[in-house]
Amino acid sequence: MTGTSDELFDYIAEALAKFVATESEDFHLPPGRQRELGFTFSFPVRQTSIASGNLMKWMKGFSIEDAVGEDVVGELTRAMERKGLDMRVTALVNDTIGKLAVGRYYNNEVIAAVILGTGTNAAYVERAHAIPKWHGLLPKSGEMVIVRLLIFNCTCWGNFRSSHLPLTEYDQALDAETLNAGEQASIFEKIISGMYLGEIVRRVLHKMAEEAAFFGDVPPKLQIPFVLRTPHMSAMHHDTSPDLKVVGSKLKDILEISNTSLKTRKVVVELCDIVATRGARLSAAGILGILKKTHSGTGKS
């Protein structure tokens, strides 16, 4: 996703205007009262107040350079003004913080929220005295505060990079050839989140086609990055039909590979299983890290 900041926030404001236009009269505010808006922004932000924060960097395939460093609430506010919307943002939250807040609203024993979707992130409840960067007065309510899971320079857990991660040549190439590549790039996100899993499978299949003639000649469609999306991979992974009909259909419709044998389809399913299982285990490891940090489920306090 590339473009300008104005294009992005104008798109958001326009979608918001269309939504408001469909509301019934029951939701109309009395004259003189301004509608208040909560803004969920699922990217690393250095928050300066409850309703302001500067974008630190993009993830999830976004790359809109003129927005980096800018106050995202200010950008949205100006876009709403351009669209004639009489609204103001009263709260800026990350998606994981929003999930955690809702969870604790209904159940005070909820201690963490995890997003596993197009991208990934997590947040958990921590004691203020355990946060080295906490410089304010300690909260009175049990010294508990909500924090995003921050790893390395205040970025999301998707940015976690370690020599212990089970990275392959396909992961390294994917990282180098996609947005936000580099030492502090979102490599953890790129091996567990929905935006990238299908592409990892495609890269492995492409090498198998090149070096082992897995499909005979190398299918032209197989050379196109991101042509195989994670929903396609998931559908093949969950195919339980005797002849793996779904796998055959996806290979034909998406990659234009026809007349595949059952043996070939089984290999594709196994590959999907390997990539999905690794992602699931790494996601679970991240969640376990939160539980160990907070001593949840261990009987410790």
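Author: Let's start with one residue. Leaving aside neighbours within four places in sequence, Val201 is in contact with Leu228, Met233, Leu271, Cys272 and Val275. Keep in mind that this is a predicted model.

Reader: Ok. Which residues have the most contacts inside the largest nonpolar core?

Author: Val201, Leu205 and Val268. That core has 28 residues.

Reader: And which elements give two or more residues to this core?

Author: Helix 4, helix 6, helix 7 (230–237), helix 8 and helix 9.

Reader: Why would nonpolar residues group up like that?

Author: As a general rule, nonpolar side chains tend to be buried together in soluble globular proteins.

Reader: What does the second, separate core include?

Author: That core has 24 residues. Leu8, Leu37, Ala67 and Val73 are among them.

Reader: Let me zoom out. How many helices and strands does the chain have?

Author: Nine helices and seven strands. The chain has 301 residues, and buried residues make up 43% of them.

Reader: What about contacts along the chain?

Author: Take the contacts between residues at least 6 apart in sequence. Of these, 59% join residues at least 24 apart.

Reader: Back to helices. At what angle do the axes of helix 6 and helix 9 cross?

Author: At roughly 140°, and the axes come within 10 Å. That makes helix 6 oblique to helix 9. The crossing is right-handed.

Reader: Which residues meet there?

Author: From helix 6, Leu197, Ile200, Val201, Val204, Leu205 and Met208. From helix 9, Val267, Val268, Leu271, Cys272, Val275 and Arg278. You've seen Val201 already: Leu271, Cys272 and Val275 are among its contacts.

Reader: I see Arg202 in helix 6 too. Buried or exposed?

Author: Arg202 is buried, because its relative accessible area is 5% and the cut-off for buried is under 20%.

Reader: What is it in contact with?

Author: Leaving aside neighbours within four places in sequence, Arg202 is in contact with Leu222, Gln223, Ile224, Pro225, Phe226, Val227 and Leu228.

Reader: Where is Phe226?

Author: In the loop between helix 6 and helix 7. Look at its backbone. Phe226 has a positive phi of about 65°, although it is not a glycine.

Reader: Which other residue has a positive value?

Author: Asn259 is one, with phi near 55°. It sits in the loop between helix 8 and helix 9. Asn259 is exposed, with a relative accessible area of 79%.

Reader: New topic: helix 4. Which of its residues are buried?

Author: Tyr170, Asp171, Leu174 and Asp175. Seen down the axis of helix 4, these buried residues fall within an arc of 135°, so they line one face of the helix.

Reader: Why does that spacing work?

Author: An α-helix has 3.6 residues a turn, so residues three or four places apart point the same way.

Reader: What's on the other side of helix 4?

Author: Ala176 and Glu177, and they are exposed.

Reader: And what do the buried ones pack against?

Author: Helix 5 (187–192), helix 6 (197–212) and helix 9 (262–294).

Reader: Now the start of the chain. How do helix 1 and helix 2 pack?

Author: Helix 1 (residues 5–21) and helix 2 (residues 72–82) pack at an angle of about 60°. Their axes are 8 Å apart. That makes helix 1 oblique to helix 2. The crossing is right-handed.

Reader: Which residues make the contact?

Author: Helix 1 uses Ser5, Asp6, Phe9, Asp10, Ile12, Ala13 and Leu16. Helix 2 uses Val72, Glu75, Leu76, Ala79, Met80 and Arg82.

Reader: What is Gly53 in contact with?

Author: Leaving aside neighbours within four places in sequence, its contacts are Val45, Arg46, Gln47, Thr48, Glu70, Asp71, Val72 and Leu92. Gly53 and Leu92 are 39 residues apart along the chain, and their C-alpha atoms are separated by 7.6 Å.

Reader: Last one. What about Val246?

Author: Val246 lies in helix 8 (residues 245–255). It is partly exposed, with a relative accessible area of 32%.

How values were computed
Residues are numbered from 1 along each chain as its sequence is written. This is a predicted model: local features need pLDDT of at least 70, side-chain atom pairs count only at pLDDT 80 or more; totals for chains, interfaces and linings use all residues. Side-chain values use heavy atoms; hydrogens and water are left out. Buried means under 20% relative accessible area, exposed over 50%, partly exposed in between (1.4 Å probe, protein chains only). Helices (H or I, at least four residues) and strands (E, at least two) are DSSP runs, numbered from the N terminus. The arc is that of the directions from the helix axis to the C-beta atoms. Contact means heavy atoms within 4.5 Å. A nonpolar core is a set of buried Ala, Val, Leu, Ile, Met, Phe, Trp, Tyr and Cys residues joined through side-chain atoms within 4.5 Å. Axes are lines fitted to C-alpha atoms, for helices over the stretch in contact, and angles run from 0 to 180 degrees between N-to-C directions. Angles under 35 degrees count as roughly parallel, over 145 as roughly antiparallel, 65 to 115 as roughly perpendicular and the rest as oblique. A crossing is left-handed if the near helix is turned anticlockwise from the far one by less than a right angle, and right-handed if clockwise.
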